[in-house]
Amino acid sequence: MIERPESAVASIAQRNLEGYVGFANLPNQVYRKSVKRGFEFTLMVVGESGLGKSTLINSLFLTDLYSKDYPGPSLRIKKTVQVEQSKVLVKEGGVQLTLTIVDTPGFGDAVDNSNCWQPVINYIDSKCEDFLNAESRVNRRLMPDNRVHCCLYFIAPSGHGLKPLDVEFMKRLHDKVNVIPLIAKADTLTPEECQLFKKQIMKEIQEHKIQIYEFPDTEDDEDSKLIRKIKEQMPLAVVGSNVVIEVNGKKVRGRQYPWGVAEVENGEHCDFTVLRNMLIRTHMQDLKDVTNNVHYENYRSRKLAAVTCNGGVDTSKTKNQMTRSPLAQMEEERREHVMKMKKMETEMEQVFEMKVKEKKQKLKDSEAELERRHEQMKKNLEAQYKELEEKKRHHEEEKSNWEAQQRILEQQKLEASKTMEKNKKKGKIF
Amino acid sequence: MAATEIARQAGEGARAVPLAGHVGFDSMPDQLVNKSVNHGFCFNILCVGETGLGKSTLMDTLFNTKFEGEPTQHNQPGVQLKSNTYELQESNVRLKLTVVNTVGFGDQINKEDSYKSIVEFIDTQFEAYLQEELKIKRTLHSYHDTRIHACLYFIAPTGHSLKSLDLVTMKKLDSKVNIIPIIAKSDAISKSELTKFKIKITSELVSNGVQIYQFPTDDETVAEINSTMNGHLPFAVVGSTEEVKIGNKMVKARQYPWGTVQVENESHCDFVKLREMLIRVNMEDLREQTHTRHYELYRRCKLEEMGFKDTDPDCKPFSLQETYEAKRNEFMGDLQKKEEEMRQMFVQRVKEKEAELKEAEKELHEKFDRLKKLHQDEKKKLEDKKKSLDDELNGFKQKKTAAELLQSQAQQAGGSTTLKRDKERKNNPWLCTE
């Protein structure tokens, strides 16, 4: 794998512009392109039947998402928890939005509600999985984003506190999706009751360490103030209505009671406007970003860690592995293996060489030994030879001496006999 | 920002519904824009061209600031890429600009490998991004994107045609980066020559199949201006950071004895067109093209190289998990096989060496057996000789003893004879003695 060159991450210098350049137009370029692309948003609503979920959706988006032709899930009787999605295309001010509403009919309606959150979790995970697979393909092209960007959780307006089911659900989903708890049918609570209820809920949420969606801090003071105000009003108490009523000459959405009209968009009656502004007008993009950067990434790293580390128990090793891609991980393992093999190879090579050397040395030694012995024997032989030669020479000398002597003796004898003969001749002998 | 940008709306199954009032999601583009402004933008330009064509000056002129760098000499041994990153701000928009310069391009005698370091650099940036994207724990959101978004290719103002180095380099780069060819130092070309030059360049590029960057014409807001500008490519530019007083304004210009070339005068050169197209209108599109086209191509090739496929032999799509698991099993099997192979090889070697050494040992023994035999023979010879000598000695001894015996006998006899003679002499003193 190619290493990242140091020059790419060098120090960054500041420069001042001395004139017009034009990149201040970049935001407009981004604007233009995003409008052309269009937007997507997936909203999930969870809560018991009859809490006014469908009505709230209609009120939020000022449309009849659930109408006679497309009846809402609440009008259909469900035995088990279903997860159903409806996709609509809405246009406003040149901006196109593909809105997906995910409903969960049957949630919390059974007598035994254990695991009723499981279909919801499965749905969320399956959407993440789809995205993960699409993102990991070799040929990537259009990747529709069907991940759940926001989950509105409807709390029944009991006025007391969270039900065990509420706690359980939120605890299980807060790390998978942006959870925004709402107090449904808030027109059954007086403002004081509502305040108490809200405080109680927030206390319980904190106690159970549930992480609901948090508004990001902004540098803008104005926005910060607004955000702080919204935070104080959490969870938002909402009222929804499909009916338009005339109040003081104005047409408003509201609920008509004998004692008055509860207006949906009246800030003093309920927090609907706050919800709508926050959800749609100011933080829709942030909800998508948090889903993408936090919840999806969590899902992805969990999924990939399971695949590559094969449930590795050694935490120190897995921590290191997490900072790499699975492929880099394999590459690293391959490199380690190559090193191991090299080491093994050098070790084996060493042992081999050593043994060969030993054997060769032994061979050499025995050769030397044999040579030596041979030499010795040769020397011995030579010595003997020399001795023999010496003896022979000595003998020869002796022999020749003796022979010479003999010859002299012989000569003498001969002379003597000759003299004797002479003397004999001279007649001396009688 | 990247992953969500790829996500497109799937229109299937979505029915259009009318809205009964103002919902407010038309603020979505603004929300998006605010986020990106807060996050800051990033843009990377690569300048490719021979030394001395005014690349650095043009960058300084384009961005109205002084970037690093001194003019380089012509004696570079190879092509190197020098990259510098700057933080610029215009009104509320922050831009992290990286300018990459090719140093020594076109200076060597043998320019065959000139393009290689450029291609390598571009690939390195893609690889870095790919690695980040494939990590288990990744931070794409805060990743500093170093991929090259635009390549300004500087053409020497010969007035005739493209050099073969230019064609070769651009052909190698056109599938990896957005190429915007520009005629450098165009104040050396007259207007009529320029038109001919541009036509020649364009036709050469087309006939060689080089794909340069086309300004996008699919968005109605900018389609018109973009298509007009496409017809003016390649832009003939002049760069200058010196200011000259024209009328009552100070403008960037180059002063000659015969006149002043004003950089921002559209009838003098295409500098303004370049700035408009590159920065003000299409910067975002350049980034998008880099990400969705060039990077995707690189990624696809890389993954295919590593053996990843989208469908198995039965044409069923693979899930990511299956792919990774399959890869991993293959990989482990591969490693084990390698280990086995190495072991086998060693076993083989040991066997061979053993045989060799045994052979040597045998030879040695044979040698010494022969020597021993020789020695035996020699010994035997010696024995024989000894024996013969001994025999001779014995013989001699016998002879000697015999002779001595004879002698002693003779002496005795002779002695007696001599004695007799002596006696006789005694008796006969008148016997002649010698």
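Colleague: Where in chain A is A:Pro235 found?
Modeller: One thing before that: this is a predicted model. A:Pro235 sits in the loop between α6 and β7 (236–237) of chain A.

Colleague: And what about the peptide bond from A:Met234 to A:Pro235, cis or trans?
Modeller: That bond is cis, and its omega is near -10 degrees. As background, most residues other than glycine have a negative phi, and most peptide bonds are trans.

Colleague: OK, over to chain B. Which loop holds B:Pro234?
Modeller: B:Pro234 is in the loop between α7 and β7 (235–236) of chain B.

Colleague: You mentioned phi. What is the phi of A:Leu62?
Modeller: A:Leu62 has a positive phi of about 50 degrees, although it isn't a glycine. You'll find A:Leu62 in the loop between α2 (53–61) and β3 (84–92) of chain A.

Colleague: Is A:Leu62 buried or exposed?
Modeller: Buried, because its relative accessible area is 8% and the cut-off for buried is under 20%.

Colleague: And B:Lys185, what is its phi?
Modeller: Positive, about 45 degrees, and B:Lys185 is not a glycine either. B:Lys185 lies in the loop between β6 (179–183) and α6 (191–207) of chain B. With 41% relative accessibility, B:Lys185 counts as partly exposed.

Colleague: Let's zoom out. How many helices and strands are in chain A?
Modeller: Chain A has 10 helices and 10 strands. Chain B also comes to 10 helices and 10 strands.

Colleague: How much of chain A is buried?
Modeller: Of the 430 residues in chain A, 44% are buried. For chain B, buried residues are 47% of 434.

Colleague: What share of the contacts in chain A joins residues 24 or more positions apart?
Modeller: Counting contacts with a separation of 6 or more, that share is 67% in chain A. In chain B, 68% of the contacts between residues at least 6 apart join residues at least 24 apart.

Colleague: Which residues in chain B lose the most area to chain A?
Modeller: B:Arg15, B:Phe25 and B:Ile136, and together they make up 6% of what that side buries.

Colleague: I see α1 of chain A and α9 of chain B there. At what angle do they cross?
Modeller: Helix α1 (residues 26–37) of chain A and helix α9 (residues 283–305) of chain B cross at roughly 55 degrees, and their axes come within 8 Å. That angle makes α1(A) oblique to α9(B).

Colleague: Which residues meet there?
Modeller: From α1(A) you have A:Leu26, A:Gln29, A:Val30, A:Lys33 and A:Arg37, and from α9(B) you have B:Met283, B:Glu284, B:Asp285 and B:Glu288. They divide into 3 nonpolar, 1 polar and 5 charged.

Colleague: How far does α1(A) reach?
Modeller: Its 12 residues reach 17 Å from first C-alpha to last, close to the 16 Å expected. Residues buried in α1(A) include A:Pro27, A:Arg32 and A:Ser34. Just after α1(A), A:Gly38 takes a positive phi of about 85 degrees.

Colleague: Last one. Where is A:His208?
Modeller: A:His208 is in the loop between α5 (191–207) and α6 (221–232) of chain A. At 32% relative accessibility, A:His208 is partly exposed. Setting aside neighbours within four places in sequence, A:His208 is in contact with A:Val167 and A:Lys171.

Conventions
Residues are numbered from 1 along each chain as its sequence is written. Chains are lettered from A and ligands numbered from 1 in the order in which they are written. This is a predicted model: local features need pLDDT of at least 70, side-chain atom pairs count only at pLDDT 80 or more; totals for chains, interfaces and linings use all residues. Side-chain values use heavy atoms; hydrogens and water are left out. Axes are lines fitted to C-alpha atoms, for helices over the stretch in contact, and angles run from 0 to 180 degrees between N-to-C directions. Helices (H or I, at least four residues) and strands (E, at least two) are DSSP runs, numbered from the N terminus. Angles under 35 degrees count as roughly parallel, over 145 as roughly antiparallel, 65 to 115 as roughly perpendicular and the rest as oblique. Contact means heavy atoms within 4.5 Å. Ala, Val, Leu, Ile, Met, Phe, Trp, Tyr, Cys and Pro count as nonpolar, Asp, Glu, Lys and Arg as charged, and the others, Gly among them, as polar. The expected span of a helix is 1.5 Å times one less than its number of residues. Buried means under 20% relative accessible area, exposed over 50%, partly exposed in between (1.4 Å probe, protein chains only). Buried area is the accessible area (1.4 Å probe) that two parts lose on being put together, summed over both.
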